[in-house]
Amino acid sequence: MSNLEIGIWSFPVLLLMIFLRVPIGLAMFAAGFAGLWLVNGSAAIALARMKTETFTTFSNYSLSIVPMFLLMGYFATLGGMSQALFKAAAAWLGHRKGGVAMAAIGACAGFGAICGSSLATAATMGRVALPELKAYGYAGGLSTATLAAGGTLGILIPPSVVLVIYAILTEQNIAKLFLAAFIPGIIAAIGYIITIRIYVAINPGSAGTRERVAYGDRFRALFAVWPVLVVFIAVVGGIYGGIFTPTEGAAVGAFGTGLIALLNGGLNRKTLVASFMSTGRSTAMIFFIVLGAAFYNGFLALTQVPQEISNYVVSQGFSPTLVLVLILVFYLILGCFMDSLSMILLTIPIFYPVISGLDFGLSPEHTAIWFGILVLIVVEVGLITPPVGMNLFIINAMERSTPITQTYAAVMYFVASDLLRVALLIAFPSITLFLLS
Amino acid sequence: MYQFFHGLSRLMAAIGGLVLTGLIIMVCYSIVGRALIQFGLAPVHGDYELVEAGIAFAIFSFLPLCQITSGHASVDLFTDMMPDRVQRILRMLIEILFAAVLIMIAVQLYYGMESKIRSGQTTFLLQFPIWWAYAASLVSATVAAVVAIYMAFIRTTEAFTGRTLIADDQGAEH
C-alpha cells in the first residue's frame with residue numbers, strides 16, 4: 001500500500017472506531033499511531049515522537065488559554081452576574097410579547113461575553129431564567145428551546161474556546177478571530193429575539209405578559225451589570241489592543257471573574273473545588289482530543305492526503321461557494337451526533353487546505369477568518385439539533401416537566417434562524433470582516 | 001477501592017486547579033509589573049516558561065479525574081442501539097485500549113525525561129532544567145495510567161458479571 005492509500009484508509013477505520021464509541025481523542029491517537037507504524041514500517045518512530053510530543057502539546061503556551069477560559073466561565077457562574085444580566089434584560093424587554101424569553105437571550109449574550117463555553121452559558125442562564133419563564137406562563141418547549149439556543153451565544157460571542165482551537169490549527173491570529181466573531185454574535189442574538197417574536201405570533205398561547213418597568217429602574221438594572229462590561233472590555237480590548245497576549249487576556253478574565261465571585265460571596269472553598277473539578281474534567285477531555293488530533297494530523301500530513309484532496313478539489317474547478325456550502329452542510333450533519341471541538345479537530349486539517357486553495361475574492365487571512373466564523377456557527381448549531389444536541393439535554397435535565405419532543409419542536413425555529421444567518425454571512429463576507437478593516 | 005481512586009483523582013485535579021490558579025495570578029501580576037515598569041515594578045522573569053511548565057503539569061493532573069468519571073467525548077448514538085452485553089464488551093475493550101495508551105504515554109514521557117536529563121537542556125530565561133517540568137508531569141501521567149488500569153479492571157468485571165459498578169457521570173462539559 002502506498003502512503004496515500006494508508007492515509008485514505010485511515011478515514012473509514014477512524015470513523016468506525018468513533019461510531020463504536022471509542023472516545024474521539026483516543027480513536028485519533030490510535031489511528032495516528034497505527035498509521036505512523038504502517039508508513040514507517042516500525043513503531044519506533046511513533047514511540048519516539050511520544051517522548052516529547054505529549055509534553056509539548058500540553059505545555060503549549062497558546063493552548064493554555066483553554067483551561068483559563070474554562071475556569072473563567074465557572075467563576076462567572078458563581079459571581080451572581082447571571083441574575084444581574086437577566087434582571088437588566090428583563091427590565092428592558094420583559095413587557096413585550098415573548099419578552100421574558102427575549103430577555104433570556106439578551107442575558108445569554110451578555111453572559112457569553114465573559115464565558116467561552118456554550119454548555120456553561122446554557123446551564124447558568126437556565127438556572128436563572130427557567131423559573132421566571134415558568135412564573136410568567138411561558139410554554140415549556142419555548143422556554144427550554146430559548147435557553148438551549150441562547151447557550152450557543154456563549155461560544156459565538158467572544159471569548160470562545162472553539163475559536164482558540166481553530167486559530168491554533170490554522171495558525172491565525174486569535175485576537176482578529178475574536179473581533180470577527182463579534183458582529184455575527186450580535187446578529188445571532190437579534191435573530192433569536194426575532195425568532196421568539198415569530199414563535200409567539202404563531203403560537204399565541206405560549207407566552208404570558210409581564211408589567212412594564214419604569215425607565216429609572218431600567219437604567220438601575222442596566223448599571224448593575226457593569227462588572228461584566230469591565231471584564232469583557234479588559235479581556236477582548238486588551239488582547240486586540242496588543243496590551244497583552246491572548247493567554248494573558250484569559251488570565252485577566254479568570255482573575256476578574258474570580259474576584260467578582262469572591263466579592264459577591266459566591267466563591268468559597270466548596271465552590272472553588274467544584275470549579276476546579278469541572279474545569280479539570282473539561283480540560284482533560286479537550287486536551288486529550290488535541291493530543292489525538294496532533295498525532296493523527298502528523299500522520300496524515302506525512303501521507304500527503306490533505307494536500308492531495310485540496311489539489312483535487314481545486315483542479316476540478318468547482319464553484320468555491322458550492323464547496324463551502326457542502327462543507328458547512330457536512331458539519332451540520334456531523335453536528336447531529338458529535339461535539340463541536342471534536343468536529344473541528346477532526347476535520348479542519350482536511351477542509352482548511354481545501355478552502356485556502358479556493359478563490360473567494362478575499363485575502364488568504366480574511367478567507368481563513370471568515371471560514372472560521374462560519375464553521376463556528378455551524379458546529380454550534382450541532383449543540384441544538386436533535387437527537388444529541390448537548391444544550392438540549394442540559395436544559396431538559398433542569399426542566400423535567402417539559403417532554404424533550406416539545407423542546408425539539410420549538411428549537412427548530414432557532415435552527416432556522418441559525419441557517420438564515422449562515423446564508424447571510426456567506427452572501428456578505430464583509431459583515432464578518434467589517435471590524436477588521 | 002473506588003473511594004480511594006476517586007479521591008486520588010479529585011486530589012490530583014485539585015492540585016492541578018491550584019497550579020492553574022497560581023499561574024493565572026502570576027500572569028496578572030506580571031502584566032501589572034510590565035505596565036508599571038516606570039514605578040519600579042517589573043514583570044515576572046520567565047513568566048512564559050513558568051506557564052508552559054505549570055500548565056503541562058496541570059493538564060496531566062486533570063487526566064485521572066476525566067478517566068474515572070468517563071468524561072471523554074464520544075459518540076453514543078450508534079452503540080445505544082446495541083444489546084447491553086455487546087455494549088459492555090465494547091466498553092471493556094475501549095477502556096483496555098485507553099489504559100494501554102496512557103501507560104505508553106507515561107513510559108515515553110519517562111524516556112523523554114531521561115533524554116532531557118542527559119542533554120542537560122535548560123529553559124531560556126530562568127535556566128532551570130527542562131527535565132524538572134517533565135518529572136512533575138510524569139507523576140501525574142503515572143497516576144492517570146494507574147487510574148486507567150483500574151477503570152479497565154472495572155469495565156472488564158462489568159463485562160463478565162453484567163453488573164454496573166461505576167455509572168457514567170453526566171456528559172462532559174466544554
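Is B:Val75 buried or exposed? B:Val75 is buried, at 1% relative accessibility (buried means under 20% relative accessible area, exposed over 50%, partly exposed in between, with a 1.4 Å probe and protein chains only).

## Basis

This is a predicted model, where local features need pLDDT of at least 70, side-chain atom pairs count only at pLDDT 80 or more, and totals for chains, interfaces and linings use all residues. Residues are numbered from 1 along each chain as its sequence is written, chains are lettered from A and ligands numbered from 1 in the order written, and side-chain values use heavy atoms, without hydrogens and water.

## Around B:Val75

B:Val75 sits in the loop between α2 (47-68) and α3 (84-119) of chain B. Helices are DSSP runs of H or I, at least four residues, numbered from the N terminus. B:Val75 touches A:Ile18, A:Phe19, A:Arg21, A:Ile24, A:Phe337 and A:Met338, leaving aside residues up to four places away in sequence (contact means heavy atoms within 4.5 Å).

## Salt bridges

Over all chains, the count is nine salt bridges. The rule asks for a side-chain nitrogen of Lys or Arg within 4 Å of a carboxyl oxygen of Asp or Glu.

A:Glu248 and B:Arg34 meet in one, at 3.0 Å, N to O. A:Glu248 lies in helix α14 (residues 246-263) of chain A and B:Arg34 in helix α1 (residues 2-35) of chain B, so the pair joins two chains. A:Glu248 is buried, at 4% relative accessibility. B:Arg34 is partly exposed, at 34%. In chain B, salt bridges with shared partners join B:Glu95, B:Arg155 and B:Glu158 into one network.

## A:Arg49 and its partners

A:Arg49 forms a salt bridge with A:Glu53, with the closest N and O atoms 3.0 Å apart. Both lie in helix α3 (residues 44-58) of chain A, four residues apart, about one turn of the helix. A:Glu53 is buried, with a relative accessible area of 15%. A:Arg49 is partly exposed, at 25%.

A:Arg49 also lies over the face of A:Phe295, 5.6 Å from the ring centre. Here a charge sits over a ring if NZ of Lys or CZ of Arg is within 6 Å of the ring centre and within 35 degrees of the ring normal.
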